[in-house]
Amino acid sequence: MGAMAGERMVGHVADEEEEQFSDSEAFAKVHAVLDSVRMAPSLVDPNDREQYDYILSVVDPSARFGPDQEALLTTILKALGQAVSRIDPTYHAVLLSNVFQMSIWFFGNDTRTALLKLINNLAAVTDKFLEGCLHMIVSNFVPPDRVLRWLEEPKWDTRKREIHQQLRTCLQKIFEEVPLAPFKLCDILDLTTLRLSDSKAKMNVYVDCMLGLQSGGTGDILSVTLLKRVINLLVDLDVNITWNDLLQEDQSIGIFDMELEDVDDLSLQFYVDDGKDRSSANNKGSNRNNNSAYVEKLDSLMVVVCEHLNSCVHEKSGQKRLLLDYEMFMRIFRTAVLKLHKSKFTQFVMFYACSLDPETWGLRFAVDLADIFLSTYEDPVSRMSAISYLASYLARAKFISSSEVALILIKLVNWCSDYCKVVQERINPLQEILFNPLAHKIYYSACQAVMYILCFRMRQLMDVPPRSFLFDLPLGYILFNGLDPLKVCLPSIVQEFLRQARAARLFHASVASVNENAIDSELSKAFGGTERLDIFFPFDPYLLKESDRFIRPNFVYWSKVKTTYSNCYSEEDNEEEDEEFEDLDAPGTISSFQDHYNVDCSNSDGEEDDLDYSLNKMSITPKNTFNLHMPAKIRPSMSPV
């Protein structure tokens, strides 16, 4: 028959389609060709071989298809979809290879549907084609490189959404028919990791498809795998974005002077932590370029993730619910993020998720962090990381109410109180408590957390019923004792806490310090350890430009905090507040600790109230911020006007 015979055979198939005749005859011809080559090559009739080769030339992943050629391909794919029982992995190996390498991104809807139907049917054949089918689907998560640059155009964005939906539907059908398919897909995903050098567009499309699949009811195991891979990718980018540790260069800068507010002041240098010699100008230039790319990729991926989370919100009767598994999310957070102290942005995925469902996710996250800290079964680093997260979260999250903060604060203060009692019971009454920051590091981290929360929330908590709530807490007992937490914790936090406590009439105390505005001290470094957990505040202001819009509305900026000494009220208001506070008794426990602690408990206002505190800014993030070579792709979070 020759090539012309092959063309007539396939052409006849296309003609039948155009005339809308039954496909049965056309499909029968393709089926006959498949059967004719199911034997040793030497036994195949040459005419049958030519027809089979022609089918291979049509089902060619490298070919470019016009309308007629695509119509021909569609017909053959439909025929193959009905003949999967005739397809043999040995005799039809090339055909299968071509099918599995096909990219659906260049085809119209009919061809895509026919191809994915074939993949679906092949996957259902027991123990033969499942792995190849899953590889084919995963490879189509991302379009070919020449398409990536067009994805931002409306036409291609619409096609992207259609294709991802078709891929997810195909996978869902495979999962229903082949129970082991989700496990196989997990293994395949482990082998198809993205590289940090991949383009931003490629990362965005891949993650977008993975998240869509994750929320489509894929089962617990696959859902965990998909979400974990997304979070791990964010983490990998995050930890490669570093900046000069200004904290080691200028010990006179306090936390309360460091919240980023003015773009004109930005000068923090970011570097890629690749172990190269940073004294080299060439390395610095290369690192900055790489770092800028990582920043852009992470920022863009955070937008994709936050948009996905927002799409999972269901609102009913005015209440929002995040339709995702919190327990799964929290497990991934614990394993991938909690103890990763180099992470600067990834943790805000959890922050944003909690802001979408404050009553469930928001409160559970705070309670879980508190439980991790309070659990004696957890290792010290986990407990100290959890309390750092908890303090930063309760200080910064607008969506956590004062009453909820109060309940958790009571737990923390009571734990500190119990700790002090245990320490005192274990020593001889005549013996002084051993001053050892490292030995009591968990206690010091809790004390610092309590003070940090109160720096942001004290004024609000004054209104939590009963009105004597804060005065009833044994703050004096846990802070003024032989363990000396006020000398060990970060000086700027201690000083700000004491200033607000004095203004609120909780007690009148001051602590002598070599440099009260220093961001840390040798004692805080001692309990913070090599991880520097003493200066770990994971929810410091968010610094990525594009994704900042998801975080900003629910984030508390220090410049907007109403402190107990705030001068933004009228004198009449201040007088009313003073009278209100005078009705409450300050704790009487401090005086009993004067023998152990050098503290001024007098009722005089003292000189400290006259100090000029620069409190328009507060953050642990270094003040010198960004290399402006990053064309406005990253900038500091700024408090709302």
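**Close-up views of a predicted model**

Leu180 is exposed, with 58% relative accessible area, in this predicted model.

**View 1. A nonpolar patch on the surface brings together Leu180, Phe183 and Ile221.** Taken together, these three residues have about 310 Å² of accessible area. Leu180 sits in a loop, the one between α9 (154–177) and α10 (181–191). With a relative accessible area of 58%, Leu180 counts as exposed, because the cut-off for that word is over 50%.

**View 2. Helices α15 and α16 pack against each other.** Here we have α15, covering residues 326–338, and α16, covering residues 348–356. Their axes are 11 Å apart, and the angle between them is about 160 degrees. Angles over 145 degrees count as roughly antiparallel, so that's the word for α15 and α16. As for handedness, the α15 and α16 crossing is left-handed.

**View 3. Val367 and Glu404 are 9.6 Å apart in space.** That's the C-alpha to C-alpha distance, for a pair separated by 37 residues in sequence. Val367 belongs to helix α17, which spans residues 358–374.

View 4. Look for Pro41 in the loop between α2 (24–36) and α3 (46–58). Pro41 is exposed too, with a relative accessible area of 62%.

Definitions and conventions:
Residues numbered from 1 in each chain as written. Predicted model: local features only at pLDDT ≥ 70, side-chain atom pairs only at ≥ 80, totals over all residues. Heavy atoms only, no water. Patch = residues over 30% accessible without salt bridge, like charges linked within 9 Å, V, L, I, M, F, W, Y side chains within 5 Å. Areas by Shrake-Rupley, 256 points an atom, 1.4 Å probe, with all protein chains shown as cover. Salt bridge = Lys/Arg side-chain N within 4 Å of Asp/Glu carboxyl O. Helix = DSSP H or I, 4+ residues; strand = E, 2+ residues; numbered from the N terminus. Buried < 20%, exposed > 50% of the residue type's maximum accessible area, 1.4 Å probe, protein only. Axes fitted to C-alpha atoms, helices over the stretch in contact; angles between N-to-C directions. Parallel < 35°, antiparallel > 145°, perpendicular 65-115°, else oblique. Left-handed = near helix turned anticlockwise from the far one by under 90°.
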